Amino acid sequence: MSTRHEPLPSSVDDLKTQASETVRKVSDQINEQANVLRDTVASARYNTQDFIENNPWQSVAIAAGIGFLVGIIVSRR
C-alpha cells in the first residue's frame, strides 16, 4: 500500500475512473509477472532437457534416487 495522499474523488465518475485505472495497473503488473514466470519456466525446461540429453545415465540415477526417497517417505505414513 502506498502512503501518498491523493485527493478524494469529488464524484462517482471520478471514483469509477480511479477504480478503472487501479484495475488496469494491477492487470499490467500481473501480466508482467506472468511473462517473467513463463520465461523462467521455459529456461528451466530447456536447461533440464539439455542436461538429460547430455547426461542420460546420470539423469536415470537422479530419478531413481528421487523415486527411492519418495518411496521411503510414502511407506512411513
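**Exercise 1. In which helix does V70 lie, and is V70 buried or exposed, or partly exposed?**

Step 1. V70 belongs to helix α2; helices (H or I, at least four residues) and strands (E, at least two) are DSSP runs, numbered from the N terminus.

Step 2. V70 has a relative accessibility of 46%, so V70 counts as partly exposed. Here buried means under 20% relative accessible area, exposed over 50%, and partly exposed in between (1.4 Å probe, protein chains only).

A word on the model: it is predicted, so local features need pLDDT of at least 70 and side-chain atom pairs count only at pLDDT 80 or more, while totals for chains, interfaces and linings use all residues. Residues are numbered from 1 along each chain as its sequence is written, and side-chain values use heavy atoms, with hydrogens and water left out.

**Exercise 2. At what angle do α1 and α2 pack, and which residues meet?**

Step 1. Two packed helices are described by the angle between their axes and the distance between the axes. For α1 and α2, the angle is about 110° and the axes are 5 Å apart. That makes α1 roughly perpendicular to α2. Axes are lines fitted to C-alpha atoms, for helices over the stretch in contact, and angles run from 0 to 180 degrees between N-to-C directions. Angles under 35 degrees count as roughly parallel, over 145 as roughly antiparallel, 65 to 115 as roughly perpendicular and the rest as oblique.

Step 2. From α1, F51, I52, E53 and N54 meet P56, Q58, S59 and I62 of α2. Contact means heavy atoms within 4.5 Å.

Step 3. Take S59 in helix α2: at 15% relative accessibility, S59 counts as buried. Leaving aside neighbours within four places in sequence, S59 touches F51 and I52.

**Exercise 3. Which residues are linked in a network of salt bridges?**

Step 1. Side chains of opposite charge can pair when their charged atoms come close. A salt bridge is a side-chain nitrogen of Lys or Arg within 4 Å of a carboxyl oxygen of Asp or Glu, and the whole structure holds two.

Step 2. R24 pairs with E21, with the closest N and O atoms 2.4 Å apart. Because R24 and E21 are three residues apart in helix α1, about one helical turn separates them.

Step 3. R24 also bridges to D28 (2.8 Å, N to O). These two are four residues apart in α1, so they too are separated by about one helical turn.

Step 4. The network therefore links E21, R24 and D28.
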